[in-house]
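Here is a short walk through a two-part question: how is each chain built, and where do the chains meet? Keep the sequence and the 3D view side by side while you read.

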Amino acid sequence: MAQKHRGPLAEFWKRFRKNRLAVIGLAIIILYVVVAVGADIFYTYDFITGNQIPNAFSGVGSTGKIDDGGVKKAHLYLMGADNFGRDVAGRIIHGARVSLIIGFVTVAFAVIVGGGLGAVAGYYGGKLETVIMRGADILLAIPNILFALAIVAALGPSFRNLLLAIGITSLPVYVRLVRASVMTVKDQEFVEAARAQGATDFRIILVHILPNCMAPVIVQATLGVAQSILSATSLSFLGLGIQPPSPEWGNMLSEARPYLISAPHTLIFPGLAIMTVILAYNLMGDGLRDALDPKLKR
Amino acid sequence: MIKYIIRRLFQLIPVLLGVTLIVFTLTYISPGDPARLMLPQDASDIQVAELKHSMGLDRTFVVQYVHFLFGYDGPGDSFDYKGLWALDLGRSYVSNRPVFGTILERFPNTVLLTMVALFLSIIISIPFGIISATRQYTKTDMAVTVAALIGISVPAFWLGMMLIWVFSVNLHWFPSLATPSNLWSIVLPSITLAAMNTAVQTRMTRSSMLEVVRMDYIRTARAKGLDEGTVIRVHALRNALIPVVTVIGLQVGQLLVGAVLTETVFSYPGIGTIMVDAIQRKDTPQILASVVFVALVFALVNLAVDILYAFIDPRIKAQYVGAAKKKGGLFRGSKA
């Protein structure tokens, strides 16, 4: 709206950069993305899932002989090895890939479907709005993690069901958010102007209204990724998410739980991984809110 | 006031129906035939069909949903239940005990854990929030802010295990398994459960205090020569706490749900452990009864909290009544 007089992106970046914590958050997220994308380069997959029993519970920073496709070679266990002698650091890096995919896919689903429903509800109003909003109220009435847990428990644990469960549970927030923004924008002059020029409803919503409603959605989506990752690791920890031996932070913790006394490193590092990535998204979400919120703009 | 409460209760009905419909639909579409699971492996299709008939599973979706809500009286007596309204959804596939019997038996344990966690979060968060706000941009403020940020980011189940590692395994201060009969053993799970809420409430108190201390009446209080302590305690804190109290109320429900994971880590016998055990054993009636139960309690707690606020803060009620009288009035007012 009012912020377009001086290169909106440049101004946004200027404001975002001032928040040092938010920049740290962004840096951590970029690091995780790089690591997740390059996981296969850093650690060959076989060696992450393949058992290396002789090295079980190798300590942090120890070296061991590993069997890499029949070839014996020395390997440095940066974060130690788990109960099957698998490299904890390698599994965390491959787990980063799973967690980031879950975070992005579920939030994208929730933003597109929830945002779409919210836009329709806010733009058209009437009975359609009542139906959509009551639906959102009902979904909001069931606590997120509990609802996701019920969905996966009913449909059976699989990657697809996990995505579906977390996607559906994060949906209603965006319905409400987009509806509220659309309602404040839809009666403004520029929308009327577009309508007077004969633009279709679809075009008005997509081209004229939604771009003006994005700020709160972007903030919520950033925090939403953190929420999704947390839900996914929680469900995996309970045995309802990604199943072993696929490396995922939650199931790593669940597998390592019996060895809390003998091999605490197998628990400490995956937990730290979850915590830092969620912290990073929270920091960035806070920073985005400050940078995008016109109310705080001087 | 009574009108307001009645109106809120009526509003709750469609939400509760929606929640039960969703949970029921999930059972209905879940793969796996309970009748076949209950019979021996070599049972014939006719036997399965007969059992399905006596369990009422051969009826249509709508009929089964009505049974789910208001009870089922089948050909035999063994599969009868009185329905959700009477808190009777039949028996567990595994233990053959009434599912709600187990839930109601363990629910007080979860309530105990939740209440201790709530108490902890309040006595920690409010003082730290105030200290942080009154010393904005100092090292203390920085430390509290960072601690709160970590608090909202740490997964509860991992925090629980780390607390066990430090305080049970290494220091031997607390037992690693929690039981409701030993209050000392509830300390670690309460801290685990309270961590997230404490962080949220600390942030809330801080930002709310920061907003309030910029108000004119605070300047007035200072101008008339009151000492800073009185200004903060009497003038700022009371107003700053209104949104904090709202958040605390909403968090009661969150705590109840968070207990699911915390209880698992500490093997604490509450609703959470029932749920997780049931999931691991694929005990569908027990899973759904637990989910529906927690969801209903969650909705009722939130409603109770809402109504309480109307008592505490008349503005909330006024806002509500105004919005209800002329539809959309609230929105048009806020747009200006």
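Two strands pair if DSSP finds at least two bridges between them. Strands themselves are DSSP runs of E, at least two residues long, and elements are numbered from the N terminus. The model discussed here is predicted.

Start with the strands of chain A. Strand 1 covers residues 62-68 of chain A, and strand 2 covers residues 71-77. The two run antiparallel. Seven bridges join them. Ser62(A) has Tyr77(A) as its bridge partner in strand 2 of chain A. Asp68(A) has Val71(A) as its bridge partner in that strand.

Now widen the view to chain A as a whole. Chain A has 13 helices and two strands. Its C-alpha atoms fill a box of roughly 75 × 45 × 30 Å, taken along the principal axes. The chain has 298 residues, and 49% of them count as buried. Contacts reach across the sequence. Take those between residues of chain A at least 6 apart in sequence: 70% join residues at least 24 apart.

Helix 11 of chain A deserves a stop. How many of its residues are buried? The count is 20 of 24, and helix 11 of chain A is mostly covered. At 1.5 Å a residue, the 24 residues of helix 11 of chain A should span 34 Å. After helix 11 of chain A comes Gly239(A). The phi of Gly239(A) is positive, near 85°.

Next, turn to where chain A meets chain B. Here 36 residues of chain A are in contact with 39 residues of chain B. Which elements of chain A give two or more residues to that side? They are helix 6 (126-141), helix 7 (144-155), helix 8 (159-185), helix 11 (214-237) and helix 13 (265-292) of chain A. Helix 13 of chain A gives the largest share, eight residues. By class, the side of chain A that touches chain B has 26 nonpolar, seven polar and three charged residues.

Along the sequence the pattern is α-α-α-α-α-α-α-α-α-α-α-α-α-α. The C-alpha atoms of chain B fill a box of roughly 90 × 65 × 30 Å along the principal axes. Chain B has 336 residues, and buried residues make up 36% of them. Among contacts in chain B between residues at least 6 apart in sequence, 64% join residues at least 24 apart.

Within chain B, look at one helix pair. Helix 5 (residues 99-134) and helix 11 (residues 271-280) of chain B pack with their axes 7 Å apart. The angle between them is about 135°. That angle makes helix 5 of chain B oblique to helix 11 of chain B. Which residues of the two helices meet? From helix 5 of chain B come Thr102(B), Ile103(B), Arg106(B), Phe107(B) and Thr110(B). Helix 11 of chain B brings Ile271(B), Gly272(B) and Ile274(B). By class, this contact has four nonpolar, three polar and one charged residues.

Stay with helix 11 of chain B. Is this helix enclosed or open? Eight of its 10 residues are buried, so helix 11 of chain B is largely enclosed by the rest of the structure. The buried residues include Ile271(B), Gly272(B) and Ile274(B). Also buried in helix 11 of chain B are Thr273(B), Met275(B), Val276(B), Ala278(B) and Ile279(B). Lys282(B) follows this helix, with a positive phi near 55°.

Ser267(B) is found in the loop between helix 10 (228-266) and helix 11 of chain B. Is Ser267(B) buried or exposed? Ser267(B) has 12 other C-beta atoms within 10 Å, so it is exposed. A residue counts as exposed at 12 or fewer. Ser267(B) still has partners. Leaving aside residues up to four places away in sequence, Ser267(B) touches Leu177(B) and Thr273(B). Of these, Thr273(B) is one of the buried residues of helix 11 of chain B. Ser267(B) and Met161(B) are 106 residues apart in sequence, and 12 Å apart in space, C-alpha to C-alpha.

Note on methods. Residues are numbered from 1 along each chain as its sequence is written. Chains are lettered from A and ligands numbered from 1 in the order in which they are written. This is a predicted model: local features need pLDDT of at least 70, side-chain atom pairs count only at pLDDT 80 or more; totals for chains, interfaces and linings use all residues. Helices (H or I, at least four residues) and strands (E, at least two) are DSSP runs, numbered from the N terminus. Two residues are in contact if their C-beta atoms, placed from the backbone, lie within 7 Å. Ala, Val, Leu, Ile, Met, Phe, Trp, Tyr, Cys and Pro count as nonpolar, Asp, Glu, Lys and Arg as charged, and the others, Gly among them, as polar. Axes are lines fitted to C-alpha atoms, for helices over the stretch in contact, and angles run from 0 to 180 degrees between N-to-C directions. Angles under 35 degrees count as roughly parallel, over 145 as roughly antiparallel, 65 to 115 as roughly perpendicular and the rest as oblique. The expected span of a helix is 1.5 Å times one less than its number of residues.
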